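Let's walk through a protein model together, step by step. Keep the sequence and the 3D view open as you read.

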Amino acid sequence: MRVVLAEDLFLLRQGIIQLLEAYGCVVAAAVDNGTDLAAALAEHRPDVAIVDVRLPPTFTTEGLQAALRARREQPGLPILVLSQHVEQMYARELLADGTGGIGYLLKDSVLDDEQFIDAVRRVAAGGTAMDPVVVAQLMTSHSRDEPLAALTGREREVLELMAEGCSNTAIAQRLTITEGAAANHISNIFTKLTLPPSSDSNRRVLAVLAYLNA
């Protein structure tokens with residue numbers, strides 16, 4: 001897996017590089033500003049980009065804006081945002097094209113290497129990996145329009161966990177229900193959101209994107 005990394009803090013950048021390489025990833029480029037990030041993404045066309053939101057020179061949203069531009073130029077480019085901040089407007093824009101391959105993790109919430117690498121791999125494969133705090137903030141302005149309004153409270157809980165990238169087993173454990181019950185809730189979600197027949201993994205992504213973009 002080829003990765004382009006954008007992180008302005010030297011020690012953190014080097015630590016992420018070492019972690020990625022320890023799990024067999026190839027870091028094609030590691031940069032510390034938005035301009036170099038845009039150039040690296042255009043040159044290397046990586047399997048996934050790991051991007052901090054706030055980069056020099058203004059430390060506002062350079063990283064995320066560069067990632068958005070790159071995704072417009074390279075449709076479907078997998079992007080994992082790794083930040084201390086939730087930028088709701090840009091996060092929604094990142095989710096808006098409906099193609100998956102999106103993650104948004106808060107640095108303080110990444111507690112071990114396997115959790116991080118699992119998120120990287122899931123995003124690179126076209127899935128989602130959303131921090132629970134990010135999901136909660138995105139949902140503060142959530143609409144009540146159909147068909148999402150048709151979901152039950154439990155189905156919404158299941159969908160939130162799907163957004164985090166949880167498997168059926170993990171959802172069952174988190175909600176203290178059986179795997180069968182989790183699978184039934186997911187099936188009901190697919191039906192209520194009128195998702196077209198496709199692989200379950202693709203339908204999960206479509207359901208998550210519909211939820212977060214509502």
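A residue is called buried when its relative accessible area is under 20%, exposed when it is over 50%, and partly exposed in between, using a 1.4 Å probe and protein chains only. This is a predicted model, so local features need pLDDT of at least 70 and side-chain atom pairs count only at pLDDT 80 or more, while totals for chains, interfaces and linings use all residues. Residues are numbered from 1 along each chain as its sequence is written, and side-chain values use heavy atoms, with hydrogens and water left out.

**The whole protein**

Helices (H or I, at least four residues) and strands (E, at least two) are DSSP runs, numbered from the N terminus. The protein has 10 helices and six strands. Its radius of gyration is 17 Å, close to the 17 Å that the globule rule gives for 214 residues, so the protein is as compact as a globular protein of that length. Here the radius is taken over C-alpha atoms, and the rule is 2.2 Å times the number of residues to the power 0.38. Along the principal axes, the C-alpha atoms fill a box of roughly 45 × 35 × 30 Å. Of the 214 residues, 48% count as buried.

A contact means heavy atoms within 4.5 Å. Among contacts with a separation of 6 or more, 65% are between residues 24 or more positions apart.

Where is Asp 52 found? Asp 52 is in the loop between strand S3 (48-51) and helix H3 (62-73). An unreviewed UniProt entry annotates Asp 52 as "modified residue: 4-aspartylphosphate". UniProt positions are given in the numbering used here, feature names are shortened, and such annotations may be inferred rather than shown by experiment. Leaving aside residues up to four places away in sequence, Asp 52 touches several residues, including Asp 8, Ser 83 and Lys 107.

Ser 83 lies in strand S4.

Helix H3 has 12 residues and reaches 17 Å from its first C-alpha to its last, close to the 16 Å expected at 1.5 Å a residue. That expected span is 1.5 Å times one less than the number of residues. The buried residues of H3 include Leu 64, Ala 67 and Leu 68. What covers the buried residues of H3 includes S3, strand S4 (79-83) and strand S5 (102-106).

**Accessibility at a glance**

| Residue | Relative accessible area | Class |
|---|---|---|
| Asp 52 | 5% | buried |
| Ser 83 | 0% | buried |
| Cys 25 | 8% | buried |
| Cys 166 | 12% | buried |
| Thr 176 | 72% | exposed |

How many disulfides does a search of the whole structure find? The search finds zero, where a disulfide would be a pair of cysteine sulfur atoms within 2.5 Å.

**Backbone details to look for**

Most residues other than glycine have a negative phi, and most peptide bonds are trans. A cis peptide bond joins Pro 56 and Pro 57, with omega about 5°. Pro 57 is in the loop between S3 and H3. Arg 45 has a positive phi, near 45°, and is found in the loop between H2 and S3. Thr 176 also has a positive phi, about 55°, although it is not a glycine. Thr 176 sits in the loop between helix H8 (168-175) and helix H9 (179-192).
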